[in-house]
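Subject: Structure for you to look at

Hello,

Here is the structure I promised to pass on. Please open it alongside this note; my findings follow below.

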Amino acid sequence: MIKVAIADDHPMVITGLRNMLANYDHIVISGAYTNGSLLLEGLQDQAPDVLLLDIQMPGQTGDELAPRLIKRFPQMAILTLTNFDNVLYINSMLRHGVSGYLLKTTDPRTLIKAIETVADGGQFVDQSIEEKVRQLRIMEKETNFHPLTLREKEILQNLVSGATTKEIAEKLFLSFYTVENYRARILQKLQVRNTAELIRKALVLGLA
C-alpha cells in the first residue's frame, strides 16, 4: 500500500487526482492541502510515502517548501506535479532533492508509474522534459553555469515575453537600474552578449 498526499492550491485538481487514484487499490490518499502552512501542519500528524507537490503554492512556493520538507521528512518521496515545464524550475527542484518531476498534462498510467517508482526509492522525470534537463546539466558542466535565483528567473521570463526594462521594473516594483543589474547578471550567467542572444539561448534550453 502506498500512502499519497496531494499539495495543490486548486480544489478541482485535488478532486481530479482523488478520483483518478481511487481506481488503484494499492494507493490510498492520506491527505490533501491547498497551501504550505496546511501542508506542514498536516504532515506532522501523518507523513505519506509520496507527496504530490505543485510549485505554485500560495504563501511558499514548491521550490521553497521542498528543502524544508526533505529535511523534516526524509523518508517521504516528493513528486513534483505542475504545469511548469521551465527547465530552471525542474533543475532547481531536482537539486533540492525531490524524487520526480511530472507535468499535469501527463497521462494516468505515467503518474501511477511515477508514484510507484519514487515510493520504491527511484527517480522519475517526465520524458518530455528529461532532455532539457540533460542539456542544462551539460551546459553547467562545460561553462560553470551558476543557477539563476527566483528573481532572475522571473526577470528572464519577462524578457523572453518581450517586456522592456522599464515595463519589468514597473511590474515588479523595482527600480530601472535594479532590473538592469539583474539583466546583466543573467547575461553573464548564460554567457551571452545581449538580450537577443539571451532570448535565443533561453528558448533553446527551455529556460522560459
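Predicted model: local features only at pLDDT ≥ 70, side-chain atom pairs only at ≥ 80, totals over all residues.

Contact here means heavy atoms within 4.5 Å. T165 is found in helix α8, residues 165-172. Its relative accessibility is 12%, so T165 counts as buried. Leaving aside its neighbours within four places in sequence, T165 is in contact with F176, V179, E180 and R183.

F173 is not a glycine, yet its phi is positive, about 60 degrees. It sits in the loop between α8 and α9 (176-190). F173 has 76% relative accessibility and therefore counts as exposed. Q191 also has a positive phi without being a glycine; the value is near 55 degrees. Its place is in the loop between α9 and α10 (195-205). At 49% relative accessibility, Q191 counts as partly exposed.

Now the sheet. What is the strand order? The open sheet has 6 strands and runs β2-β1-β3-β4-β5-β6, with parallel pairing. β2 (27-33) and β6 (124-125) stand at the edges. Each has a single partner strand, so one side of each is left without a neighbour in the sheet.

Some pairings in detail:

- β1 (residues 2-7) and β2 run parallel and are joined by 6 bridges. A7 has Y33 of β2 as its bridge partner.
- β1 and β3 run parallel, with 4 bridges between them. V4 stands opposite V50 in β3.
- β3 and β4 are likewise parallel and joined by 4 bridges. Here V50 stands opposite A77 in β4.

β3 is worth a look for its side chains. In a regular strand the side chains alternate between the two faces of the sheet. From β3, V50 and L52 point one way, and L51 and L53 point the other way. All four are buried.

Helix α2 (residues 36-45) lies across β1, β2 and β3. It runs at about 135 degrees to β2.

The axes of α1 (residues 11-21) and α5 (residues 108-119) come within 11 Å and cross at roughly 80 degrees. That makes α1 roughly perpendicular to α5. On the α1 side the contact is made by L17, M20 and L21. On the α5 side it is made by P108, L111, I112 and I115. The residues of this contact divide into 7 nonpolar, no polar and no charged.

Last, the cores. Which residues touch the most other members of the largest nonpolar core? They are L39, L51, L53, L69, Y101 and L198, out of 44 residues in that core. Leaving aside neighbours within four places in sequence, its contacts are I55, L79, T80, T82, F84, Y89, I90, M93, F124, V125, D126 and I129. Another core, of 20 residues, lies apart from the largest one. Its members include L21, I27, L81 and A114.

Best wishes

Note on methods
Residues numbered from 1 in each chain as written. Heavy atoms only, no water. Axes fitted to C-alpha atoms, helices over the stretch in contact; angles between N-to-C directions. Helix = DSSP H or I, 4+ residues; strand = E, 2+ residues; numbered from the N terminus. Parallel < 35°, antiparallel > 145°, perpendicular 65-115°, else oblique. Nonpolar A, V, L, I, M, F, W, Y, C, P; charged D, E, K, R; others polar. Pairing = 2+ DSSP bridges. Buried < 20%, exposed > 50% of the residue type's maximum accessible area, 1.4 Å probe, protein only. Core = buried A, V, L, I, M, F, W, Y, C linked by side-chain atoms within 4.5 Å.
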